Amino acid sequence: MNAPEPSSTATSLQAVALPPGVPCHHRHPVRIYWEDTDAGGIVFYGNYLKFMERARTEWLRTLGFDQEGLRAEGEGMFVVAETSLRYLQPARLDDVLTVTVALVERGRASVAFRQQVWRGETLLNEGRIRIGWVQTVPGETPGAEPRLKTGRIPQRILDRLPEALPEAASPQD
């Protein structure tokens, strides 16, 4: 018996068009699976942070930065320092969402993003996320866990970041 041809659905997932006037630096598609939902069949609220993390990570990749590579080479890494989310409508099983990344503030030690989660032209969730740069320093005694110390974002990364976009009002306001 011949095996069926593999499906190409997974590779065809693409961010869908957003309503006109949605400013962003990057769009990332996400499909909702059972593991993303709660018992009521809607996306568990904490998963929106995961979707936003994935979108920021993929955006950094498009700029030429691999977060694990930065960490492994001892240069440092970004960590989430602050989040604020607003939930407007639920996402459900099998929805295809578009997660946006808009850099809205650039600093020497941290950057802030406005991120939105869309289903087609419907805004489901939006938030402001600040990430800070940290470096690993050895523990104070032999065998102690390394510590994370705040630091300055390397200039080579800052040079690749686009200019910050204005923090626009939400389409729901």
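**A walk through one predicted chain**

Buried residues make up 38% of the 173 residues in this protein chain. One caution before I go on: the model is predicted.

Let's take the overall layout. The chain has three helices and six strands. Starting at the N terminus, the order is β-α-α-β-β-β-β-β-α. Now look at contacts with a separation of 6 or more. Of those, 65% join residues 24 or more positions apart.

Now zoom in on strand E3, residues 96–106. Eight of its 11 residues are buried, so E3 is largely enclosed by the rest of the structure. Which strands does it pair with? One is E1, which runs antiparallel to E3 over six bridges. Find His 28, and you will see Val 99 of E3 opposite. Another partner is E4, residues 110–119. E3 and E4 are antiparallel too, over eight bridges. Here, Ala 102 has Arg 114 in E4 as its bridge partner. Between E3 and E4 there is a hairpin, and three residues make the link.

Next stop: the loop between E1 and H1. Asp 36 sits there. What is the nearest side chain of opposite charge to Asp 36? The answer is Arg 54, at 5.2 Å. Asp 36 is buried, yet it has no salt bridge. A salt bridge would need the charged atoms within 4 Å. Setting aside neighbours within four places in sequence, Asp 36 contacts Arg 31, Ile 42, Val 43, Phe 44, Asn 47 and Phe 51.

Is Phe 44 buried or partly exposed? It is partly exposed, because its relative accessible area is 37%, and buried means under 20%. Together with Tyr 45 and Tyr 87, Phe 44 makes a nonpolar surface patch of about 340 Å².

Last stop: Pro 146. Its place is the loop between strand E5, residues 122–137, and strand E6, residues 147–150. Pro 146 counts as partly exposed because its relative accessibility is 48%. Now compare sequence and space. Thr 136 is 10 residues away from Pro 146 in sequence, and their C-alpha atoms are 6.2 Å apart. Pro 146 also touches Thr 136, along with Val 137, Pro 138 and Gly 139, when residues up to four places away in sequence are not counted.

That's the tour. Questions, please.

Methods:
Residues numbered from 1 in each chain as written. Predicted model: local features only at pLDDT ≥ 70, side-chain atom pairs only at ≥ 80, totals over all residues. Heavy atoms only, no water. Helix = DSSP H or I, 4+ residues; strand = E, 2+ residues; numbered from the N terminus. Buried < 20%, exposed > 50% of the residue type's maximum accessible area, 1.4 Å probe, protein only. Contact = heavy atoms within 4.5 Å. Patch = residues over 30% accessible without salt bridge, like charges linked within 9 Å, V, L, I, M, F, W, Y side chains within 5 Å. Areas by Shrake-Rupley, 256 points an atom, 1.4 Å probe, with all protein chains shown as cover. Lys, Arg positive; Asp, Glu negative; His and termini not counted. Pairing = 2+ DSSP bridges.
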